[in-house]
Amino acid sequence: MRRFVCTIAAALALAAPASAETVLKVSLHSDLKIVDPIWTTALISTHYGNMVYDTLFSVDDQLQPKPQMVDKWEVSPDKLIWTFTLRDGLEWHDGKPVAAEDCVASIKRWAAKDSMGQKLMSVVAELGAPDARTIKMVLKEPYGLVLDSLAKPSANIPFMMPKRIADTDPNTQITDYTGSGPFIFKKDEWKPGEKAVFVKNTRYKPRSEPANGLSGGKVVKVDRVEWVTIPDQQTQVSALLNGEIDMVENVPPDLLPLLQKDRNVKVMVVNKAGRQYELRFNVLHKPFDNPKIREAVLYALDQKPFLEANVGAADYYSMCKSLFPCGSPLATTKGWDDKVSGNVARAKELLKEAGYDGTPVVLLHQTDIAGHNQLATVAKPQLEAAGFKVDLQAMDWQTLVARRAKKEPLAQGGWSVYFTSWGSPDVMNPVSAAFINAACDKATFGWPCDEGIEKLRDAYAKETDPAKQKAIAEQVSVRLSGAYPTFAPLGQFTVPTALRSNIDGLLAVPELALWNVEKK
């Protein structure tokens, strides 16, 4: 281990620029391999997007939409015409001005992939750019989630891109990484598996308001940011203690005692709302093309072992059978009270009723992300106890991210189940939660297709009465618990982040934000 730490230290020293510029070195939860935050929902790609791109609206620390690239907006009395005016002086990294037509193209590409974007565009009759600074959106009917959609704080975030890039097919990854955000991505220094480099965008024009959540002024206080890939968590912590890096994004609770003894290190929870573990079904192929077999999984699984194995410290996790974050306005366990509690007998009954024929469950097992690398290994014996045949296939997270996009049958590289987690803001309601989207080919990986769920999501999107919204959310919960399961909730957790004591200004946000961070 000592030799590996020395090797890391040497690599970091060689990577350091010769000038006296301020360099922030961070080790994140995953290596960066996919740099299209619209093509994928991978969290590391969303972090990348927050560095390089900007948004029309963002949310503050209360998750309320605030203007970002937008200067002002107006809504017609009948609530059908929305007019947005861009701030003056916005530029792309190549020096060209940001135009409204760029934003229109960006909204359309984002909306083709994102669950909230799809619902928004379903009520849009016209979206255009009357002039260089004006975006005009005409709706077919009033829609209460316009600003919430454009300010979406987590994957997929509606990042703005130049039209030439945004015109790329949403199912094809972009190859031009020009944005307008506070950092510029140094493609020439990007080495997947080693590091990704960003430099301060000196031409960026931040808002005048102070930073608040993801909103307000994105003032960059360092010259250069290096995402240093260190796969081993113990080595990450050692590098932090030795002052070789400035931040470790995810620290396993069992390593916290090492950090708490050092006065040069501080620990904080950045995403105070936390995250939710989820198991995702692929409904295209056997065995999970059968809803009753998916329901059997809901009975076979037991939440607590997942939380104990992947989080460990009880202070950082909580049992939660709600599809929506426990403690949030829509939290409900309707339909789930007898699920995810390890009822093996009931799971066996359902498999027998469904005529399960022993088709293997291809279980994708991510091996490299802290707090997630024991999800599949916990699931395997639980599923086998219920009578499933399980084929556990190990891979790193970025390989899994590419694999989950495959629709091919199991014998041709397809899959049955994978595990991930979503930030609480991702899953606050039936429209924003990607795994509730059941719009067939328009749904995210797993591709559920259910008219009943989609009608409920439409109803929620059009409803403004909180009591009626809650009632709709409860109907969604019940439907996904039996008639048409699309995923299984496996509990909530928070993750501690560790920083050197000379690092200040890290914002408490649902995703990583490195503007406002100062290295003293």
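Helices (H or I, at least four residues) and strands (E, at least two) were taken as DSSP runs and numbered from the N terminus. The structure is a predicted model, in which local features need pLDDT of at least 70 and side-chain atom pairs count only at pLDDT 80 or more, while totals for chains, interfaces and linings use all residues. Residues are numbered from 1 along each chain as its sequence is written, and side-chain values use heavy atoms, with hydrogens and water left out.

A cavity is a set of points where a 1.4 Å probe fits but cannot get out; a pocket is an open set with protein on both sides within 12 Å along at least five of seven lines; lining residues have an atom within 4 Å of a point. Grid points are joined across faces, edges and corners, and a volume is the space filled by probe spheres set on the points. For residue classes, Ala, Val, Leu, Ile, Met, Phe, Trp, Tyr, Cys and Pro count as nonpolar, Asp, Glu, Lys and Arg as charged, and the others, Gly among them, as polar.

Two cavities of 30 Å³ or more were found. The largest cavity has a volume of about 80 Å³. It is lined by 15 residues, and Asn50, Thr55, Ser58, Ile157 and Leu214 are the closest to its centre. Strand β2 (residues 57–59) contributes the largest share of this lining, three residues. By class, the lining of the largest cavity comprises nine nonpolar, three polar and three charged residues.

The second largest cavity holds about 70 Å³ of space. Its lining includes Asp54, Glu91, Arg203 and Lys205, together with Met69, Leu90, Val98 and Tyr204. Four nonpolar, three polar and four charged residues make up this lining.

Of its 42 lining residues, Gln62, Leu63, Gln64, Asp148 and Met428 lie nearest the centre. Helices α14 (451–462) and α15 (466–481) each supply at least two residues of the lining, and α15 gives the largest share, three residues. The lining of the largest pocket divides into 22 nonpolar, 13 polar and seven charged residues.

The volume of the second largest pocket is about 680 Å³. Its lining consists of 45 residues, with Asn250, Arg275, His372, Phe493 and Val495 the closest to its centre. Two or more lining residues come from each of α2 (43–52), β13 (275–281), α10 (303–310) and β17 (417–423). The classes here are 20 nonpolar, 18 polar and seven charged residues.

Key
1 Å grid on protein atoms, 1.4 Å probe; cavity = no way out; pocket = protein on both sides within 12 Å on 5 of 7 lines; lining within 4 Å.
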